[in-house]
Amino acid sequence: MPARSEPLDVTRLLYDGHPVWPGDTPFTLQEHARIADGSSVNLMRLSGTTHLGTHVDAPWHADDAGARLDEVPIGRLVGDALLLDARDASNPVGPEILPAGPLPGRVLLRTGQPDAWTAFPKSVRALAPALIHALADRGVRVVGTDAPSIDPLDSRDLPAHRACGARDVQIIEGLALNAATPGRWMFACLPLHLAGADAAPARALLWPPGDGTAGDA
């Protein structure tokens, strides 16, 4: 059996004070107990928004009638994926970026965000509702981006989120994609298993096709 290569981690590293959406709950990661101070263990505590760094949105986030995160089939977030370079695409990114031919169940877009944020972005390359509908028409059920939102930061009606809800397309935001070459990959993005949540931070990995055992859900 051939050796498997190390997966490429496309998750943002979280640290105390990691930037969050303006007005959202700040993220803290702090020491709570130390062996050096007489505790039997080292222990930390964390708090913050569910939309932290690399995260998976539940449909309920933008739709009161949508599914909560624990109702999203986890298999949908694992399998064959296509990474597209959208850094020079229109803003919002439209369906013209899509290649001809069959698409896998997951499409990821590298829009030009850095892999580490020292401050929350002031602008993003959003996704057009027409792109969401084109993806859904071709069988795509997950769309991922390196941006903190698939909609413009000043949007109130969230047209891309609503298009995803209407077409049953799952949203992943805040990926760290600059080290990944555009093309076909295997992909896994596993959010925390939070009951009734609107979103959850996730660990996301890419690895070459045929170099693993994940299927296409």
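Reader: What is the accessible surface of the chain, and what percentage of it belongs to carbon and sulfur atoms?

Author: Accessible areas come from the Shrake-Rupley method with a 1.4 Å probe, and for residues only the protein chains shown count as cover. Here the surface comes to about 10,800 Å², and carbon and sulfur atoms hold 55% of it. This is a predicted model, in which local features need pLDDT of at least 70 and side-chain atom pairs count only at pLDDT 80 or more, while totals for chains, interfaces and linings use all residues. Residues are numbered from 1 along each chain as its sequence is written, and side-chain values use heavy atoms, with hydrogens and water left out.

Reader: What percentage of the residues count as buried?

Author: Buried means under 20% relative accessible area, exposed over 50%, and partly exposed in between (1.4 Å probe, protein chains only). By that rule, 46% of the 217 residues of the chain are buried.

Reader: Which elements make up the secondary structure, and in what order do they run?

Author: Helices (H or I, at least four residues) and strands (E, at least two) are DSSP runs, numbered from the N terminus. The chain has 2 helices and 10 strands, in the order β-β-β-β-β-β-α-β-α-β-β-β.

Reader: How many salt bridges does a search of the whole structure find?

Author: A salt bridge is a side-chain nitrogen of Lys or Arg within 4 Å of a carboxyl oxygen of Asp or Glu. The search finds 7 of them. One of these joins the side chains of Arg76 and Asp168, at 3.0 Å from N to O. The pair links distant parts of the chain, 92 residues apart: Arg76 is in the loop between strand S4 (55–57) and strand S5 (78–85), and Asp168 in the loop between helix H2 (159–167) and strand S8 (170–173).

Reader: Is Arg76 buried or exposed?

Author: Arg76 is buried, because its relative accessible area is 17%. Asp168, in contrast, has 41% relative accessibility and therefore counts as partly exposed.

Reader: Which residue forms a salt bridge with Arg167?

Author: The partner is Asp137, and the closest N and O atoms are 2.7 Å apart. Because Arg167 lies in helix H2 and Asp137 in helix H1 (residues 129–137), the pair ties together parts that are 30 residues apart in sequence. Arg167 is partly exposed at 26% relative accessibility, whereas Asp137 is exposed at 57%.
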